[in-house]
Amino acid sequence: MEKYFIESPAPTPNGGLHLGHIAGPYLAADIFNRVSKINGHKTFFACDLDRTQSYVRINHSKKNSNIDLNEFIQENTNLIKDTFAAYDIGFDYFNDTDNDIRKQFIFDFISPILKSKYIFQKEISFYFDDIGGNFLVEGFISGECQECGTQVKGGFCEICGYYNFSTEIDKPYSTLHPERKLSRKNLSVYILDIKSLSKQIISLLDDVVINYQIREMMKLFIIKNPCFPITLPLIDGLQLGNPKTKLSPWIEVLCGTYFLKDIANTTLNCNSINEMIHVCFSGFDNAYYFTVICNAIRLCLNKNDFPIQYHMNRYYSIDGTKFSTSRNHAVWAHEILNEYDINMLRLFLASTHPENCNCNFNYNEFVNFANEINIYKLEDTIINHLMNNNEKHCLIQIKCSPIVIAENMLSIIRSEPHAKMDNLFTLMQVLFPSLSTKIIRKTAFCSHIVKKSTSSFTREYGITAKRLMYLDEYNFTTSIGSIAKGEATHTHKHDDISEIFYVINGSGDIFLNEEQSSIADGDYIFVSPGTTHRLENNKCCNFVFLSIAWKV
């Protein structure tokens, strides 16, 4: 059984999520997570929040909001969380707080980097707004991308992914006040020497699962971007080094990933974070950050928990132009839910996932797709297939690609009701988590469910049982257990699991914290987390009960 740490990009609370966000890394990571769980692996699907990115203040300023910055961040954070929940993006952990524990963790984690031989101080002449009295770095400076020539803000280009250092951007101007004349002001910051690490980073890229074109492009970017700022003259963020500078928001995002890894390490019961298989999901525009900058920082800190898979989707466009929160060019994910069902949207977005090439969202094409499939027809079709197939629960042997998963589901939906099915039950749980719960309830009598429950297994608590259902994404399991006369389960407890026993047949005794009670068919018993318990059968030929357990 493998243990996976599944990383997804930290959303920036400068606005809501658009369909490009969902169709790109988040749906792909969610599908990977669900397939991995169904295939018996332990996973920790995590997400942090990128609060200190310059786009937050920029969008707050542009909206001329009556609420303060913290309220603006909280408003967008709530919208992001609600959207993820609405799209059934099943994070095991979503960190939406920036408390003292997290801040201290980040400071303790990153402070040693200043002693690395690959970090040096350099005085840089930054653009400065004399009227506003602030440095223009990251999103506060705009101009043309040095690599592709498109309009860009300081930082990573949304089109080609190239990192435009704030002082080297072409035709620069103030993002918030384009009419103001720019001056220059010197300040010492910490710089990461990527050039000296280039051979090690390239070697790492050659050993991981990643799109070949992206790998080769990143190698070129390493040559063109020989250094990267660790600290910058920003308003927000953690102070590091010079009192006038803050930790780069991009470096803080990496620190947030390690904050999540620390939680995953405990949750997955690992001896160290190196025991987890790190799988990274991201959009193409952040490929340089995830594959080069993050690994360079790991090398500086003598970390060797490098990701072994990178899933970097291309762009999801609308009207031929990339979705963009900052440019307000998007179909907002929460708004389209007012018109269309979540399951229909997940199926369409998975089928048009920009895995290896750019994809364009066309509203008319989506409407035609939705009319063809129809959510009620979809539900009835799946139920008919399940009722006419004796499908055993099985592992998903196909690639964990949204497109492949969607194509398999569509081929089943469009096939004849009596066609042979192999993966419908598991595909349904991967693509339609909320719909699958409804369908499972409706088809509980079907033979495919019965077939699924006939795999006997011996539990470590001294009892042989038959599993009825095990939906990993809900951490919920049901089993039918039987105890022969004179036998008993081992005394045990579950620290984070609640359990209900319902007696189906016979009678016996239950011991809760060694307090004995007699139970018989029709009785049910609730066992709270941390309660020691065991079941004994000293009275009848066969004592049968239903166990319902869920993680709390």
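Me: Which residue forms a salt bridge with Arg-102?
Reply: Asp-48 does, and the closest N and O atoms of the two residues are 2.8 Å apart. Please keep in mind that this is a predicted model.

Me: Where do Arg-102 and Asp-48 lie?
Reply: Arg-102 belongs to helix α4, residues 100-110, whereas Asp-48 sits in the loop between β2 (42-47) and α2 (54-62). The pair therefore ties together parts that are 54 residues apart in sequence.

Me: Is Arg-102 buried or exposed? And Asp-48, buried or exposed?
Reply: Arg-102 is buried, its relative accessible area being 2%. Asp-48 is also counted as buried, at 5% relative accessibility.

Me: How many salt bridges does the structure hold?
Reply: There are 21 salt bridges. As background, side chains of opposite charge can pair when their charged atoms come close.

Me: What is the partner of Asp-96?
Reply: Asp-96 forms a salt bridge with Lys-81, with 2.7 Å between the closest N and O atoms. Asp-96 lies in the loop between β3 (93-94) and α4, and Lys-81 in helix α3 (residues 69-86), so this pair ties together parts 15 residues apart in sequence. Lys-81 is partly exposed, with a relative accessible area of 33%.

Me: What about Glu-147, which residue does it form a salt bridge with?
Reply: Glu-147 pairs with Lys-224, the closest N and O atoms being 2.9 Å apart. The two link distant parts of the chain, 77 residues apart: Glu-147 is in the loop between β6 (141-144) and β7 (151-153), and Lys-224 is in helix α6, residues 212-224.

Me: How accessible are Glu-147 and Lys-224?
Reply: Glu-147 counts as partly exposed at 34% relative accessibility, and Lys-224 counts as partly exposed at 42%.

Me: Which residues do salt bridges with shared partners join into one network?
Reply: The network consists of Asp-48, Asp-98, Arg-102 and Glu-252.

Me: Changing topic to strands: what is the order in the open sheet of three strands?
Reply: The order is β7-β6-β10, with antiparallel pairing. β7 and β10 (170-174) are the edge strands, each pairing on one side only. From one strand to the next, the twist averages 30 degrees.

Me: How many bridges are there between β6 and β10?
Reply: They pair in the antiparallel sense over three bridges. Within this pairing, Ile-141 has Ser-174 of β10 as its bridge partner.

Me: And which strand pairs with β4 over 10 bridges?
Reply: Strand β11 (residues 183-193) does, running antiparallel to β4 (residues 119-129). Phe-126 has Lys-185 in β11 as its bridge partner.

Me: How is β4 joined to β5?
Reply: Two bridges join β4 to β5 (residues 134-135), and these strands run antiparallel. Phe-128 stands opposite Phe-135 in β5. The hairpin of β4 and β5 has four residues between the strands, and Gly-133 takes a positive phi near 70 degrees there.

Me: Which residues does Thr-167 touch?
Reply: Leaving aside residues up to four places away in sequence, Thr-167 touches Ile-124, Ser-125, Phe-126, Tyr-127 and Arg-184.

Terms used: Residues are numbered from 1 along each chain as its sequence is written. This is a predicted model: local features need pLDDT of at least 70, side-chain atom pairs count only at pLDDT 80 or more; totals for chains, interfaces and linings use all residues. Side-chain values use heavy atoms; hydrogens and water are left out. A salt bridge is a side-chain nitrogen of Lys or Arg within 4 Å of a carboxyl oxygen of Asp or Glu. Buried means under 20% relative accessible area, exposed over 50%, partly exposed in between (1.4 Å probe, protein chains only). Two strands pair if DSSP finds at least two bridges between them. Axes are lines fitted to C-alpha atoms, for helices over the stretch in contact, and angles run from 0 to 180 degrees between N-to-C directions. Contact means heavy atoms within 4.5 Å.
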